[in-house]
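Me: I would like to go through this model with you. Please keep the answers plain.

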Amino acid sequence: MSSRKTPAELLAWITDALNSGKSVFVSTALRTTQITPKTAQQFANAGRPIFRASEKSLYMAVGRRYDCIDYCQITVQ
């Protein structure tokens, strides 16, 4: 049995962290992006969520597109 979370479970975990006032960090090999609750709220107010999940992948808004963040390290602080 795999301990890996589904994209929907990861999205719920990220949303709970942002709603509780914590920042979310999405890290690749070269860059770390900090998403604060304020940033997430600005995206939500614009009618465009910063994180999205499909059945197979988790995505983050980058400009006008969404990039897959399946292989990124996601931490909450």
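This is a predicted model: local features need pLDDT of at least 70, side-chain atom pairs count only at pLDDT 80 or more; totals for chains, interfaces and linings use all residues.

Me: How much of the chain is buried?
Reply: Buried residues make up 29% of the 77 residues. As for contacts, among those with a separation of 6 or more, 42% come from residues 24 or more positions apart.

Me: Now the secondary structure. How many helices and strands are there?
Reply: The chain has 2 helices and 6 strands. Along the sequence they follow the pattern α-β-β-α-β-β-β-β.

Me: In what order do β3, β4 and β5 sit in their sheet?
Reply: The order is β3-β4-β5, in an open sheet of 3 strands with antiparallel pairing. β3 (51-53) and β5 (65-68) are at the edges with a single partner strand each, so one side of each has no neighbour in the sheet. From one strand to the next, the twist averages 35°.

Me: How many bridges pair β4 with β5?
Reply: Strand β4, residues 58-62, pairs with β5 over 4 bridges in the antiparallel sense.

Me: What holds strands together in a sheet, in general?
Reply: Strands of a sheet pair through backbone hydrogen bonds, and the pairing is either parallel or antiparallel.

Me: Back to this chain. Which order do β1, β2 and β6 take?
Reply: They form an open sheet of 3 strands in the order β2-β1-β6, with antiparallel pairing. The edge strands are β2 and β6, each of which pairs on one side only. The twist in this sheet averages 20° from one strand to the next.

Me: How many bridges join β1 to β2?
Reply: There are 4 bridges between β1 and β2, and the two strands run antiparallel. Ser-27 stands opposite Thr-32 in β2.

Me: Let us turn to α1. Which strands does it lie across?
Reply: Helix α1, residues 7-19, lies across β3 and β4, running at about 155° to β3. Helix α1 also lies across β1, β2 and β6, and its angle to β6 is about 30°.

Me: What is its reach from first C-alpha to last, against the expected value?
Reply: α1 has 13 residues and reaches 18 Å, close to the 18 Å expected at 1.5 Å a residue.

Me: Which residues of α1 are buried?
Reply: Pro-7, Ile-14, Ala-17 and Leu-18 are buried in α1. They cover an arc of only 95° around the axis, which means that they lie on the same side of α1.

Me: What covers those buried residues?
Reply: The cover includes β1 (24-27), β2 (32-35), α2 (37-45), β3, β4 and β6 (73-76).

Me: And which exposed residues does the face turned away from the buried side carry?
Reply: That face of α1 carries the exposed residues Ala-8, Asp-16 and Asn-19.

Me: One last point: which residue takes a positive phi just after α1?
Reply: That residue is Gly-21, with a phi of about 90°.

Key: Residues are numbered from 1 along each chain as its sequence is written. Side-chain values use heavy atoms; hydrogens and water are left out. Two strands pair if DSSP finds at least two bridges between them. Axes are lines fitted to C-alpha atoms, for helices over the stretch in contact, and angles run from 0 to 180 degrees between N-to-C directions. Contact means heavy atoms within 4.5 Å. The expected span of a helix is 1.5 Å times one less than its number of residues. Buried means under 20% relative accessible area, exposed over 50%, partly exposed in between (1.4 Å probe, protein chains only). The arc is that of the directions from the helix axis to the C-beta atoms.
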